[in-house]
Amino acid sequence: MYSITVTQLIEKFNLVNHLPEIDTDKILISDPDMNRPAVQLTGFYEHFDAGRVQICGNVEHAYIASMKDEEERAQIFDKLFAHKFPCLVFCRGLIPQDFVLEAARKYGVPVLTSEATTSAFVHEIVRYLHVELAPRISLHGVLVDVYGVGVLITGESGIGKSEAAIELIKRGHRLVSDDVVEIKKVSEDTLVGTSPEITRHFIEVRGIGIIDVKALFGAECVKMTQSIDLVINLEEWDKEANYDRLGLEDQYTEILGNKIVSHNIPVRPGRNLSIIVEAAAVNHRQKQMGYNAAQELYNRVTNNMNKDQSRRTE
């Protein structure tokens with residue numbers, strides 16, 4: 001289970017903290033979803049998830065302002081803040097009432113304010129938390145952006161992953177990470193890869209050493225993050241192995257439960273790996289756009305065979 005602190009949330013969205021005496025460094029957020037506590041203000045707490053950030057907009061703020069019975073509203077907010085959720089955020093620059101702050105102070109729950117509209121803030125915070133709190137894994141490999149396709153190159157150490165990446169960079173493509181790729185599952189369909197901060201923009205080339213790609217080739221040759229769309233696994237050439245020569249059926253590699261199209265590419269002297277990776281990326285884009293070269297060839301061969309069969313029977 002991953003988490004961020006309320007302090008990180010405040011800094012990310014430039015929030016105003018109305019209770020600065022509360023130590024937000026020690027309050028963790030581990031649920032990527034949010035809640036608008038409208039029904040909770042009426043006393044309904046069934047299925048209430050206290051691990052979520054609570055957000056109030058115009059509707060909730062107006063309802064709170066309509067509370068005139070001091071004893072009743074004290075009970076309502078005492079019960080609400082007793083759940084000790086990570087924080088309460090008022091959007092549209094709305095100022096929380098003093099009795100709200102008093103109850104929040106009692107239970108050590110930060111009350112924050114955002115200038116953003118409620119719908120915009122909800123969208124941004126959910127997107128941000130789903131990325132920051134996503135399941136993740138670190139894999140040995142190289143991640144490059146080839147024509148907008150995120151290609152994860154894997155294989156045994158010394159097989160030529162970094163050399164292929166260098167050639168791809170010289171051909172105008174962009175490096176995301178070399179050696180270690182940190183991968184997050186941001187949705188059921190999307191994996192996003194990035195580089196550990198300490199090795200960002202560096203490549204190790206055996207016989208030369210460490211190369212700073214950003215300094216050597218320019219800022220346009222590097223990228224911070226990239227979705228992973230294709231896996232290229234480099235392996236030693238085995239003349240006894242049966243390699244796919246048509247590509248009619250896609251092969252997949254499973255990462256964090258997501259299936260990613262993959263190819264096993266045999267490595268032998270004379271093969272230009274960067275060109276092969278580039279061609280695989282373009283071919284993948286074509287398939288995503290509805291064109292499958294292998295299927296087209298299969299259809300042509302089948303049609304030709306049918307014509308020959310027809311001629312024989314005439």
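**Note on rings, cysteines and backbone angles**

1. Asp179 lies in the loop between strand 11 (174–177) and strand 12 (180–185); here strands (E, at least two residues) and helices (H or I, at least four) are DSSP runs, numbered from the N terminus. The phi angle of Asp179 is near 80°, which is a positive value in a residue other than glycine. With a relative accessible area of 36%, Asp179 is partly exposed (buried means under 20% relative accessible area, exposed over 50%, and partly exposed in between, with a 1.4 Å probe and protein chains only).

2. The model is predicted, and local features need pLDDT of at least 70, side-chain atom pairs count only at pLDDT 80 or more, while totals for chains, interfaces and linings use all residues. Residues are numbered from 1 along each chain as its sequence is written, and side-chain values use heavy atoms, with hydrogens and water left out.

3. Arg92 is not a glycine, yet its phi is positive, at about 60°. Its place is the loop between strand 6 (88–90) and helix 4 (98–107). Arg92 counts as partly exposed, at 43% relative accessibility.

4. How many aromatic pairs does the structure hold? There are 6 (rings of Phe, Tyr and Trp, the last by its six-membered ring, pair if their centres lie within 6.5 Å; planes under 30 degrees apart count as stacked, over 60 as edge-to-face and the rest as tilted). Phe13 and Tyr128 form one of them, an edge-to-face pair with 5.4 Å from centre to centre and 90° between the planes. Because Phe13 belongs to helix 1 (residues 6–13) and Tyr128 to helix 5 (residues 118–132), the pair ties together parts that are 115 residues apart in sequence. Phe13 is buried, at 16% relative accessibility, and Tyr128 is buried as well, at 9%.

5. Ring pairs also build a cluster, whose members are Phe77, Phe81, Phe85 and Phe99. The student may wish to display these four side chains together when looking at the model.

6. Two arginines are placed over aromatic rings. The charged end of Arg136 sits over the ring of Tyr2, 4.0 Å from its centre (the rule requires NZ of Lys or CZ of Arg within 6 Å of the ring centre and within 35 degrees of the ring normal). Arg268 lies over the face of Trp237, where the distance to the ring centre is 4.2 Å.

7. The next point concerns the cysteines. The count of disulfides is 0, a disulfide being a pair of cysteine sulfur atoms within 2.5 Å.

8. Is Ile10 buried or exposed? Ile10 is found in helix 1 and is buried, with a relative accessible area of 14%. From Ile10 to Asn264 there are 254 residues in sequence and 45 Å in space, taken from C-alpha to C-alpha.
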